[in-house]
Amino acid sequence: MTDPALAATTILIVDDDRAFRVATRTLLEDEGYSVMLATNGEEALAVLRVTPVDLVITDMMMEKMTGLVLLSRLREKLPEMPVIMVTGFGSIQTAVEAMRLGAADYVTKPHNTEELLIKIRKTLHARERDRELHQLRQELQSTYSYANIITRSPRMRDVLTQIRQVVDTDVTILVQGESGTGKELVARALHFNSMRKEAPFIATSCSALNETLLESELFGYEKGAFTGATAQRRGRFEEAHTGTLFLDEIGDISPGVQKKLLRVLQEKTFERVGGSTPITVETRVVVATNRNLEVMVREGDFREDLFYRLNVFPITLPPLRERLEDVPLLVESFLQKHGGLAGGRVRYVAPEAVSAMMQHPWKGNIRELENLVKRAIITCAGDTIVTVDLPEVQGREEEQSGVPGVPGDWTAPYKEYLGAVLRNAEERYLVRMLRQHHGNINQIARLMEVDRKTVYRKMADLGIVPGTYRE
Ligand SMILES: Nc1ncnc2c1ncn2[C@@H]1O[C@H](COP(=O)(O)OP(=O)(O)OP(=O)(O)O)[C@@H](O)[C@H]1O
Ligand SMILES: [Mg+2]
C-alpha cells in the first residue's frame, strides 16, 4: 500500500545510464515517492537549485563529474541533504571514501531492489529524526531565554507571566507545588531576572534544622547568646540584605520562628538571638512549600496572620502529569545538560521511549524525569535511548522503594529517597491507626506515646483527615 505521506517526498536520481534511471524511477514511483532525474552532476546541481528534494541517489562512475565530486559539492551547498551512493561492484574502497565524505549510505551495483528501498527508508527516517531534533533544539533556545524554565504548556506560560509581573516588585512570593515541580527554579528566576540580581540570593531550607538552630540561622546571634556562641554571627536575613531570601519548606517552621518571621515581614526589623538591638533589612522574601498551608492554618499548625502575609502573591506549579506536553522538551534539555555523563555519545531518544514517558504519572515530577534521563544516558549502549526504565504503574510503589508497602523512588538521591520513604511509612502507619481505632485520637496518641497535638499535626501534614475514620 502506498503511504500518502510519501507523496511529498522527492528523490533525485543521478546516473548517466538510462536503463538504471528508468528502472529505479519505476521502482520508486511504485513505492509512492516522486522522482526527478538528472544525467550528470551539473544537471543534478541545477535541479537542486530550483527544486526542493529530500534525498539524492547518485551513481559513482559518471563522465565529467564523479559521484564523489558531486557529493562534496553537495556537502558545501546543501549540508543537510542526504545522499545514497551507488558504487560499482567490488569497489568497496570508493564506498568507504563516500561514507567518509558524508554519504548517508551506499549500495553496490547491480543492486538488489529491496536493499535500495530499505536504505532509502532508513535514510529518510534518520533525516526526519534530525529535523525534529533540530526543531526541539530551536524551541529550547527560545525558551532558555527565560531563566532556564523550560515549558510549552499553557499553564506554565501563565506562571512565567506571573513571574514577570512581580519580578521587580518587593512583594513576598509564595511558591507552591508538589515535590520536584521547580519551586526553587522559580525562586531563582525571581532573583536572577530582577534588579536585585547582582545582590545575594540566599537559600535556606527550613526543614533541615530544629527550632533553635533555624532561629540562629535566620536571624543570627550575639556573642554569648548560648553555649558555643563565641562570636557574633549574622543570619540569613542580614546576608540577603538588598537581595533575595528564599525560605524553602516554609510549612515546617515552628510557632516561635513563625512569630519572629511575621514580625520581619511586617516591620522589616528583628533582633539577633541573644541581642536587643533592632536590625533593619531590605530583603525580597520568596517562600516555598509542597504542603497545603491553608489546611495547616485550619488545623492550627500555621499562624493565620503569617499565612496571609505570605500569601500575597501565590504562584502554583502544576504537577508534570498535568503538563505532559513538556516531556519531550524537558527530555531533550536534560540530554543536553547531562550528555557529558556518556561523553556526548547519546544524542537521541526513540519515539517509543518518549511516548512511554508521556504516559507515566511522574509522582516525583521533573526531578524524577531528570533522574531517569540521567540514568538512561549512563546505561545507554549506542547513540539512542531506546527504552527507559519506567516503573510499572501497577504495584510500582513497593517495587520502587524496595520497602514493602511503602512508596518511594529508590533511584532518587539518598536524602530525598529517605525523606519520601519515611513520609510514606508515616502515612501508612497513621492511616492504620485511624482505621484500627476508628479515629479516636486520644487512644492513638496514647499508643503512639506522643501528645494529641502531635498526632493532629502529623495528620495535617500528610493531608489525612481523622474525621473520616470516625464511626
Ligand atoms: N521547567 C523546568 N525546566 C527545566 N528544568 C526544570 C524545570 N522545572 C524543574 N526543573 C529541574 O528539576 C529539578 C527539580 O526542581 P526544583 O529543585 O526547583 O524543584 P522543587 O519544587 O524545589 O522540589 P522540592 O519540593 O523537592 O524541593 C531541578 O534540577 C530543576 O532544575
Ligand atoms: Mg526545592
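**A chat about a predicted model**

Trainee: How much accessible surface does the protein have, and what share belongs to carbon and sulfur atoms?

Mentor: The accessible surface comes to about 24,300 Å², and carbon and sulfur atoms account for 52% of that surface. Please keep in mind as we go on that this is a predicted model.

Trainee: Okay, and how many of the residues are buried?

Mentor: Of the 471 residues in the protein, 48% are buried.

Trainee: What about the overall shape, what's the radius of gyration next to that of a compact globule?

Mentor: The protein has a radius of gyration of 32 Å, whereas a compact globule of 471 residues would have one near 23 Å. Along the principal axes, the C-alpha atoms fill a box of roughly 95 × 55 × 35 Å.

Trainee: How many helices and strands are in there?

Mentor: The secondary structure comes to 19 helices and 14 strands. If you take the contacts between residues at least 6 apart in sequence, 68% of them join residues that are at least 24 apart.

Trainee: Let's pick one helix. Which residues of helix 19 are buried?

Mentor: Helix 19 covers residues 452–461, and its buried residues are Thr454, Val455, Met459, Ala460 and Asp461.

Trainee: And what covers them?

Mentor: The cover over the buried residues of helix 19 includes helix 11 (293–298), helix 17 (414–436) and helix 18 (441–448). After helix 19 comes Gly463, which has a positive phi, near 70°.

Trainee: Switching to cysteines: how many disulfides does the structure hold?

Mentor: The structure holds 0 disulfides.

Trainee: Why do Cys206 and Cys380 count as buried?

Mentor: A residue is called buried when its relative accessible area is under 20%. Cys206 therefore counts as buried, because its relative accessibility is 1%, and Cys380 is buried because its relative accessible area is 9%.

Trainee: Where is Asn210 found?

Mentor: Asn210 is found in the loop between strand 7 (201–205) and helix 8 (211–219). With a relative accessible area of 45%, Asn210 is partly exposed. Although Asn210 and Ser254 are 44 residues apart along the chain, their C-alpha atoms are separated by 8.5 Å.

How values were computed
Residues numbered from 1 in each chain as written. Chains lettered and ligands numbered in written order. Predicted model: local features only at pLDDT ≥ 70, side-chain atom pairs only at ≥ 80, totals over all residues. Heavy atoms only, no water. Helix = DSSP H or I, 4+ residues; strand = E, 2+ residues; numbered from the N terminus. Rg over C-alpha atoms; globule rule 2.2 N^0.38 Å. Buried < 20%, exposed > 50% of the residue type's maximum accessible area, 1.4 Å probe, protein only. Contact = heavy atoms within 4.5 Å. Areas by Shrake-Rupley, 256 points an atom, 1.4 Å probe, with all protein chains shown as cover. Disulfide = S-S within 2.5 Å.
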